[in-house]
Amino acid sequence: MQAQEGAAAVAIDQTVADTETMTTEAAASDALLPVLLPIGGGEARADAADAMRSDEMRGLLAAIRRLASIVEEETTALATGQKIDFDDFSARKSRSMLEFVRLMRARMHLGGEVEITAEIQRLREKLERNRSILEMHYDAVREVASIIVKAVKDAESDGTYTGRTAQDGK
C-alpha cells in the first residue's frame, strides 16, 4: 500500500514538474503574454519582461523625441529667418523617420501606451506647424521665381513681336 502511495506521489510530482517545465518554456518563447502564469520564479521573468518592454518603450520614445527635435529645429530656423541647409534637414528627418517607422512596426504592441500616444500627438502637431511654414516659404519662392521669369522675359524682349495686346497688358 505504501509502495503504491509512494509511486503515486512520484507520478504526481513528475506531472507537476512537467507542467511547470512546459509553462516555463511557453513563457520564455512568448515573453509578451498578456497573462502571467504563477510559476516558481515567475516574478523574475515578469520583471524581465517588464524591463524589456520598458526598454522598448524608452527606445521608441527616444526615436519620437529625436524626430520631433529635428522638426522643431527646422521650424524655428524657418520662422526666425536663419540660413538653412535644406538637404541636411531633409536627410536628418528622413533617417529619423525611417528609424521611427521601423521601431513602430517592430513594437506595434506599444502603440496603445499612453505616453507614446501623447508623444506621437506632439510630433504630429510639430510636423503640421513645420509643413505650414515650409508651404509658406515654398509659396514665397514660387512668387519670387515668377517675378524673375517675368523680368527676364521683359528684358529680352524689345517689343517687336509682342503686338499691341501685350503692350496694353492683355
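Helices are DSSP runs of H or I, at least four residues long, numbered from the N terminus. On this basis, Asp154 and Lys150 both lie in helix α4, 4 residues apart, or about one turn of the helix. The model is a predicted one.

The two side chains form a salt bridge, with the closest N and O atoms of Asp154 and Lys150 3.2 Å apart. Lys150 counts as exposed because its relative accessibility, 53%, is over the 50% cut-off. Asp154, at 47%, counts as partly exposed.

Helix α4 spans residues 114-156 and also holds Glu135 and Arg131. These residues, too, sit 4 residues apart, about one turn of the helix. A salt bridge joins Glu135 to Arg131, and the closest N and O atoms are 2.5 Å apart. Both partners fall in the partly exposed class: Glu135 has a relative accessibility of 40%, and Arg131 has 41%.

Helix α3 covers residues 86-106 and contains Arg92 and Asp88. Here again the spacing is 4 residues, about one turn of the helix. The side chains of Arg92 and Asp88 meet in a salt bridge, at 3.4 Å from N to O. Asp88 is partly exposed, with 34% relative accessibility.

Salt bridges also link residues into a network. Its members are Arg65, Glu115, Glu119 and Arg122. In total, the count comes to 12 salt bridges. Among them are the pairs Arg92 and Asp88, Glu135 and Arg131, and Asp154 and Lys150.

Definitions and conventions: Residues numbered from 1 in each chain as written. Predicted model: local features only at pLDDT ≥ 70, side-chain atom pairs only at ≥ 80, totals over all residues. Heavy atoms only, no water. Salt bridge = Lys/Arg side-chain N within 4 Å of Asp/Glu carboxyl O. Helix = DSSP H or I, 4+ residues; strand = E, 2+ residues; numbered from the N terminus. Buried < 20%, exposed > 50% of the residue type's maximum accessible area, 1.4 Å probe, protein only.
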